[in-house]
Amino acid sequence: MVLGRVFEDMCAQMYYRGKMFGFVHVYNGQEAFSTGFIKLLEARDSVVSTYCDHVHAVSKGVPPRAVMAELFGKATGCCRGQGGSMHMFSAQHNLLGGFAFIREGIPVATGAAFSSMYRHEVLKESTPNGLDVTVAFFGDGTCNNGQFFECLNMAQLWKLPIVFVVENNLWAMGMSHLRATYDPEIWKKGPAFGMPGVHVDGMDVLKVREVAIEAIARARRGKGPTLVECETYRFRGHSLADPYELRKPDKKASYAARDPITALRKYILEKELASEAELKDIEKKG
Amino acid sequence: MLGIVRRKVGCEVFSAMKFSLALRKVLPTGSALPMNYSTATKEITVREALNSALDEEMSADPKVFLMGEEVGEYQGAYKISKGLLEKYGPDRVLDTPITEAGFAGIGVGAAYYGLRPVVEFMTFNFSLQAIDHIINSAAKSNYMSAGQISVPIVFRGPNGAAAGVGAQHSQCFAAWYAHVPGLKVLTPYSAEDARGLLKAAIRDPDPVVFLENELLYGESFPVSAEVLDSSFCLPIGKAKIEREGKHVTITAYSKMVGYALQAAEILSKEGISAEVINLRSIRPLDRATINASVRKTNRLVTVEEGFPQHGVGAEIGMSVVEESFEYLDAPVERIAGADVPMPYAANLERMAVPQVDNIVHAAKRACYRSVPLAATA
């Protein structure tokens, strides 16, 4: 999480100094579920994301150097500078992008899960440790979109090993979730399509982890998909070029007080799981 | 008295006198509008032009409404609809959820019943999510219903490459939409184009695809009092000769018009007089103006930002072959974007989009000036 936060802060610095360009969307405040989910995955599992994908890439194991180089458009970037901030791909790490069109990643992720199931059922590949799992990350704005519903249905129909993770930060660029969605409780859409729907506090990495353990295990055992709604908050604007902030400062402040990194830090120190010095070490490494 | 009238961001400097003289020569052939260009004294940006056109049309006709992502409270993703929510209220300026297929379809249905929606796509790349409605329920309905249903809808938004926004945000869709009978496709360049063509599009009884350009939104252009009048309108299907010339015709649309004009300036210093045509309308294409120009100059360079295969230049080239073959003294030169998804890295992006140099070299090739082909991109 610390690495993710530091990485994104550096992106912002570079962008505002004119060294990075185009559309850059940073993840500050949302690290808990990227870490909470991805750190439980194995190398053979897949992750599909949206344009806000730097931290997903880094969590999945793409070297931060390669991600940063990609943002600078360098040939040493994970996509040789051809993809850019919004299009992180790594076949080696099973990171399938990086899609600028929200909702586009969801069918792609569902397809990845389909291939995992197909290899087991049709090609009869042995899977002693369970199926390969796919985790699809997307935002609240996506949840009104037709492709999302189509995939919820098909994933459940075919019992695909996928976890749909909604990063509900209450804002789709400048559009408040409450203005765009008649029934704002996204987790409810899971049971409407026959799968479990779970709501979790996305600012608490340990709570997210609990939910993630169960959802990923379900998928691995071939029990089918889960919809997880993580309530969270975007500390920065929609993108680094987005100065138009419609959010109220007091709301921002209340979420800042629930910063996942600070919360975990407090938890660790309270439970004496590590010392202050060890934590400082981690932060320095990030 | 007459100050220097300058277009920002371009490198041309016109004195006001020279500008008005140039304008008087620039009457498009066969135009029915009374051309009365007074000396331009005001400059507005393309953004202001679009905003004022929307405002005036919404004010004149209560059936006109605007729909799209972030058009209301956010004042428009690129601030094109700034102030309209305050003025016309949430019933006429609708912030939609992220559901292009849904809201494009809703717009079409509303248009079937005589409302006049202006549907904004945050970029035309996102129109791919709604393309079924644009083509199958908007473009084809008038024909399929034998004229019973008309669809007075406008689909507008930025099109083509911006800067560093990657492959999924940079495609030009002019050729895609211009392929379809039942659609009109417009590509404004200047502030005058933006105002006149958007008003024409909104007033038009048929579906119009209105392709703006993000990088042009902030550019200023001089406009006459006539352009600023609320009744101002440009005819759909008429190109504009931006610069008269006699040695080679250069056709372009949208941002490339600016590049073509820069190229023409460079060429004039080398004794090549280029005629620059701002297409303004891709469908219907003003074949009459293009062919009349080629019959005069005998050489043609087509310029577009989009991918080369099956592009706008291909259609223009064929039109000239069909109608003015004997007048051609050289093969048609086609300048287009590189045949590759838009790369993200800045140096690669520069190579993927036509530059002024490419246009200059093409014009010289058409004029049989020796320029080694290897020197061109």
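Three salt bridges are found by the rule across the interface of chain B and chain A, a salt bridge being a side-chain nitrogen of Lys or Arg within 4 Å of a carboxyl oxygen of Asp or Glu. The model is predicted, with local features needing pLDDT of at least 70 and side-chain atom pairs counting only at pLDDT 80 or more, while totals for chains, interfaces and linings use all residues. Residues are numbered from 1 along each chain as its sequence is written, chains are lettered from A in the order in which they are written, and side-chain values use heavy atoms, without hydrogens and water.

One salt bridge links Arg103(A) to Glu100(B), with 2.9 Å between the closest N and O atoms. On the side of chain B that touches chain A, 16 residues are nonpolar, nine polar and five charged. In this classification, Ala, Val, Leu, Ile, Met, Phe, Trp, Tyr, Cys and Pro are nonpolar, Asp, Glu, Lys and Arg are charged, and the others, Gly among them, are polar. The contact (heavy atoms within 4.5 Å) involves 33 residues from chain A and 30 residues from chain B.

Within chain A, two strands pair in the parallel sense over five bridges: β6 and β7. Pairing requires at least two bridges found by DSSP. Helices (H or I, at least four residues) and strands (E, at least two) are DSSP runs, numbered from the N terminus.

| Element | Residues |
|---|---|
| Strand β6 of chain A | residues 197-201 |
| Helix α9 of chain A | residues 205-220 |
| Strand β7 of chain A | residues 226-231 |

Val200(A) has Cys230(A) in β7(A) as its bridge partner. From β6(A) the chain passes through α9(A) to β7(A) in a right-handed β-α-β crossover; right-handed means that, with the strands pointing away from the viewer, the path from the first strand over the helix to the second runs clockwise.

Two backbone features remain. Leu170(A), which is not a glycine, has a positive phi of about 70° and lies in the loop between β3 and β4 of chain A. Arg283(B) and Pro284(B) are joined by a cis peptide bond, with omega about 0°.
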